[in-house]
Amino acid sequence: MTIKIVMDTDPGIDDAAALTMALNDPQIDLKLITSVAGNVTVDKTTKNALKIVRFFNKDVPVAAGAQQPLIKEFEDAARIHGESGMPGYDFPEDLGKPLTKTAVEALRDTILASDEKITLVPTGSYTNIALLFSEYPEVKDHIDRIVAMGGSLGMGNMTSAAEFNVFTDPDAAKVMYQSGLPITMVGLDITMKALLTPESLQKLPTINETGRMLHDIIIHDGDNSAQGIAMHDVNTIFYLLHPEAITTRPMWIDVITDGPAIGETVGDIRGAYHNGKTNADVCVDIDAAAFNKWFLDEVASILQP
């Protein structure tokens, strides 16, 4: 059986790697890619999504989404992902065109047209998701779950409190976490453990052209250390395919939408403040070695276009 998913994303280097896995793994049926402003502006994230689709010659539609957060002023991550969002590799220039409909319209149509419930996989800010739920709440009955990269129970990466995706549009994150849908929070608590090691990175260009492409963009990622490079968004796909390698804890997540802690995801770790209710399964631990092996195995399994 395949998992029918929609990816809402802001490529971005690690988003590109996540798209690579989602476009090519036979266990995943990627129905739609929607773009959002995040790592870079939405015109660039849309173009980058089209580049990855074109690289693999896949027939997956791309729809352009929100240009800015619901309320908060937009702040990108070009300092991490470069001005283009995906530097380092010469992609084909004969790109396809995004759909004429907006991301929200495309999300609505794709979800309602599916004969099975769809899994939403947001790997950027959640602006499109919040707009979708606000404008077309009927889609919720046709969504199986949300597997979202973002948030943290501990240290953030934008402030000491906030992770980037939630910080970018905390008001949208609040809407999503209040949606009543099953949510898995794939946050920094695991993505900073499952680093792509220097050894794995060194192997990538020796595998195939996909490996060379990923290597050439990943080495430009500013989110790195001597221990490795964080492939945040790829963890959503790893979780979908190998949930046994990730430990989760059910809890209630609140999102802070103003003040110095704006963008913080606060977990009710004691179950003390929401009458025992939970609204998310939070990823708290991961088999980092299994993640690295899977990443390389996935790349090796991709037939070159």
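Here are some notes on this predicted model, going from the whole chain down to single strands.

1. Ground rules. Residues are numbered from 1 along each chain as its sequence is written, and side-chain values use heavy atoms, with hydrogens and water left out. As this is a predicted model, local features need pLDDT of at least 70 and side-chain atom pairs count only at pLDDT 80 or more, while totals for chains, interfaces and linings use all residues.

2. Overall build. The chain holds 12 helices and 13 strands (DSSP runs numbered from the N terminus: H or I with at least four residues for helices, E with at least two for strands). Its radius of gyration is 18 Å, close to the 19 Å from the globule rule for 305 residues, so the chain is as compact as a globular protein of that length. That radius is taken over C-alpha atoms, and the rule is 2.2 Å times the number of residues to the power 0.38. Along the principal axes, the C-alpha trace spans about 55 × 45 × 40 Å.

3. Of the 305 residues, 56% count as buried (under 20% relative accessible area, with exposed meaning over 50% and partly exposed in between; 1.4 Å probe, protein chains only). The accessible surface comes to about 12400 Å², 50% of it belonging to carbon and sulfur atoms (Shrake-Rupley method, 1.4 Å probe; for residues, only the protein chains shown count as cover). Among contacts with a separation of 6 or more, 82% involve residues 24 or more positions apart; contact means heavy atoms within 4.5 Å.

4. Charges. I see 23 positive and 43 negative side chains, with the centres of the two sets 3 Å apart. Lys and Arg count as positive and Asp and Glu as negative, leaving out His and the chain ends; each charge is placed at NZ of Lys, CZ of Arg, CG of Asp or CD of Glu.

5. Strands 1 and 2. These run parallel, with seven bridges joining strand 1 (residues 3–9) to strand 2, and Ile3 stands opposite Ile28. Six of the eight residues of strand 2 (residues 28–35) are buried, so the rest of the structure largely encloses it.

6. Strand 4 (residues 118–122) pairs with strand 5 in the parallel sense over three bridges, with Ile118 opposite Ile143. Strand 5 (residues 143–149) is also parallel to strand 6, over four bridges, and there Ile146 faces Ile183. Strand 6 (residues 183–186) is covered on both faces: Ile183 and Met185 on one side, Thr184 and Val186 on the other, all buried. Two parallel bridges then link strand 6 to strand 13 (residues 280–286), with Met185 opposite Val282.

7. Val284. This residue lies in strand 13. Beyond four places away in sequence, Val284 touches Leu153, Asp189, Ile190, Lys193, Thr247, Thr248 and Arg249. Tyr273, 11 residues away along the chain, has its C-alpha 20 Å from that of Val284.

8. The order is 7-9-8, open, with antiparallel pairing. Strand 7 (195–196) and strand 8 (224–225) are at the edges with a single partner strand each, so one side of each lacks a neighbour in the sheet. Two bridges join strand 8 to strand 9 (residues 228–230), and Ser225 stands opposite Gly228.

Technical notes:
Pairing = 2+ DSSP bridges.
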